[in-house]
Amino acid sequence: QVQLVESGGGLVQPGGSLRLSCAASRIIFSPYTLVWYRQAPGKQRELVARITNSGSTLYRTSAAGRFSISRDDAKNTVYLQMNSLKPEDTAVYYCHTEEAGYWGQGTQVTVSS
């Protein structure tokens, strides 16, 4: 079946950087809008960044200027480069294929000193 596998999460100090990856199998990414969401404990899942199949991007306000979403359709992978991380960025990060409705299992990002 279709699998989306996120990686790259971990523990980082405030101000640090992480690069998340989401690799897909049994689905071709190129037609789809790809989205990174996150969910912090006790909070609703929220959109972080979105990229269309033509490369148009959208970011939540708190991520704009610090995060960058990109895609490599040849590798069936979407990335989220996160810089200047803050404790409030701590969450489980998920990738999602918007039109197809698939979700990954998530990767934990913890920003703490």
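Modeller: Tyr-37, Tyr-94 and Trp-103 form one aromatic cluster. Keep in mind that this is a predicted model, where local features need pLDDT of at least 70, side-chain atom pairs count only at pLDDT 80 or more, and totals for chains, interfaces and linings use all residues. Residues are numbered from 1 along each chain as its sequence is written, and side-chain values use heavy atoms, with hydrogens and water left out.

Colleague: How many aromatic pairs are there?

Modeller: The count comes to 2 aromatic pairs; rings of Phe, Tyr and Trp (its six-membered ring) pair if their centres lie within 6.5 Å, with planes under 30 degrees apart called stacked, over 60 edge-to-face and the rest tilted. Tyr-37 and Trp-103 make a tilted pair, 5.1 Å centre to centre with 55° between the planes. Tyr-37 lies in strand β4 and Trp-103 in strand β10, so this pair ties together parts 66 residues apart in sequence. Strands are DSSP runs (E, at least two residues), numbered from the N terminus. Tyr-94 and Trp-103 form an edge-to-face pair, at 6.4 Å centre to centre and 85° between the planes.

Colleague: Is Tyr-37 buried or exposed? And what about Trp-103?

Modeller: Tyr-37 counts as buried, at 18% relative accessibility, while Trp-103 is partly exposed at 36%. The cut-offs are under 20% relative accessible area for buried, over 50% for exposed and in between for partly exposed (1.4 Å probe, protein chains only).

Colleague: Which charged end sits over the ring of Trp-103?

Modeller: That of Arg-45, 4.6 Å from the ring centre. The rule asks for NZ of Lys or CZ of Arg within 6 Å of the ring centre and within 35 degrees of the ring normal. Arg-19 lies over the face of Tyr-79, at 4.0 Å from the ring centre.

Colleague: New topic: which cysteines form a disulfide?

Modeller: Cys-22 and Cys-95, with sulfur atoms 1.9 Å apart; the cut-off is a pair of cysteine sulfur atoms within 2.5 Å. The pair links distant parts of the chain, Cys-22 in strand β3 and Cys-95 in strand β9, 73 residues apart. Both cysteines are buried.

Colleague: Why is it called right-handed?

Modeller: The torsion about the S-S bond of Cys-22 and Cys-95 is about 45°, so the disulfide is right-handed.

Colleague: And what is phi of Asn-76?

Modeller: Phi of Asn-76 is near 55°, a positive value in a residue other than glycine. Asn-76 sits in the loop between β7 and β8.

Methods. Helix = DSSP H or I, 4+ residues; strand = E, 2+ residues; numbered from the N terminus.
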